[in-house]
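Please open the structure in your viewer and keep the selection panel at hand.

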Amino acid sequence: MTDTVLYLAPVEEDGSLSRLSLEALSAASSVAVGLGAQFVAGLFGGDVSSGMRSIAGCGAARFLAVQTEMVSQPRYSTDAAAAEAIARAAGATIILGPHSSRLARVAAGVASRLHGCIDTHVAAIHTNPGSFGITRWFYRQRIEGGVQRTLRPWFLLIDSGVAPAFTAAVADVDPEFIAVPVPTIRTATLGIETSSAGEQTIRPDADMLFVAGAGWTRKQRDGALHVEEAEELILDFVRSSRSSLGSTKSLTDSAGEGQTVLHCLSHLNQVGQTGSTPRHPKGLSTCCHGEEPHVVGWRFVRERRAVNLDPNCGWARGKADVLYLADAFEVMRHLNRLFHPP
Ligand SMILES: Cc1cc2nc3c(=O)[nH]c(=O)nc-3n(C[C@H](O)[C@H](O)[C@H](O)COP(=O)(O)OP(=O)(O)OC[C@H]3O[C@@H](n4cnc5c(N)ncnc54)[C@H](O)[C@@H]3O)c2cc1C
């Protein structure tokens, strides 16, 4: 049986596709080509027109869309209904989409409704005809396993960094609009509150990871704490450089122990063995010792630099490409001045 490969993604609030969605599109199109399969692209959202235009050149034979107010905001019942309708209309046997929180929330349910199966956190795809398979992560990215399945449809959610983001000239597309019966709606998004007191500092798409370690909240060379200044320096840099803010476990744990803390951080910022494993091209670590349980969270960060006062810190032992032996307060003051010249 010839496969039909469906690329499935929600559009963002502004109608565009996220970088992760565009990466999944590159992966889906390579699978379709590799398997000699029919390729269908499906988008859902309040207004899919600009998303459709951006993927016009992806090589799909059909473009499907669910475009209605009901899927303008993420919600299990309506997103699942839209995804199911697109998958059925496509007659898809292999469905690829981004491993975003929005799609990951509904994809398993949709796979079940279609009597199919699903694999998430897909890290590589092997498109040999006759032995189509994937490599995926298990147990929070500690174990990598190869998977082949005969059950169809097979839903695959692709992790970031697996394929380059799709780019092509925009062009008009005349998609097939699919009507979806409105399911029972019990949930509405009234607004978004970030878990940390202030702004959203976790930016998975950022070019750089900036890590703050517990040293920022320790007594400094003058014997005093400078936590307020630390918070200002960190947030100023993160805002100016548009980097993503990570932290160590020691720093986020100290909040629970009633110590002086950086209010801009929560456990969601924690990078490491018991935290996240973000994927940024570059990383800069400050006031962080660079112990293995933390650095293991840096495994996908390709270029690593650290600022530490201690020449024997963990970063010095082969864990960073460059270690600056310096006072992070001084370094960050200087860097921030470069962003705001007088
Ligand atoms: C099972 C287990 C799981 C763990 N999981 C994680 C995890 O997921 N993530 C994680 O981060 N940790 C984790 N840890 C904890 C980890 O082992 C370390 O204890 C932690 O990362 C240390 O945090 P830190 O480097 O911020 O603090 P510290 O070890 O206290 O280091 C502070 C550093 O700041 C430097 N410093 C101080 N002032 C300055 C200055 N002005 N300029 C420059 N440098 C300065 C000091 O030289 C020092 O090296 C785990 C531990 C265990 C046992």
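In what order do the nine strands of the open sheet lie? Bear in mind, before selecting them, that this is a predicted model. The order is E7-E6-E5-E8-E4-E1-E2-E3-E9, and the pairing is mixed. Select next the two edge strands, E7 (143–147) and E9 (176–177), each of which pairs on one side only.

Select helix H3 (residues 76–90), which touches E1, E2, E3 and E4; its direction makes about 155° with that of E1. Then select helix H1 (residues 19–35), whose contacts on the sheet include E1 (4–10), E5 (117–126) and E8 (154–158). The direction of H1 makes about 155° with that of E4.

Next, colour the protein by domain. The domain assignment gives domain 1 (4–177) and domain 2 (208–339). The centres of the two domains, taken over C-alpha atoms, are separated by 35 Å.

Finally, select the ligand. Which residues are closest to the ligand? They are Gly213, Gly215, Lys249, Gly272 and His294, among the 30 residues that surround the ligand. Helix H6 (249–256), helix H7 (292–295), strand E13 (303–308) and helix H8 (328–339) each give two or more residues to this shell. H6 contributes the largest share, three residues. Colouring the shell by residue type shows eleven nonpolar, 14 polar and five charged residues.

Conventions:
Residues are numbered from 1 along each chain as its sequence is written. This is a predicted model: local features need pLDDT of at least 70, side-chain atom pairs count only at pLDDT 80 or more; totals for chains, interfaces and linings use all residues. A residue is near a molecule or strand if its C-beta atom, placed from the backbone, lies within 6 Å of it. Helices (H or I, at least four residues) and strands (E, at least two) are DSSP runs, numbered from the N terminus. Ala, Val, Leu, Ile, Met, Phe, Trp, Tyr, Cys and Pro count as nonpolar, Asp, Glu, Lys and Arg as charged, and the others, Gly among them, as polar. Domain bounds come from an automatic or database domain assignment. Two strands pair if DSSP finds at least two bridges between them. Two residues are in contact if their C-beta atoms, placed from the backbone, lie within 7 Å. Axes are lines fitted to C-alpha atoms, for helices over the stretch in contact, and angles run from 0 to 180 degrees between N-to-C directions.
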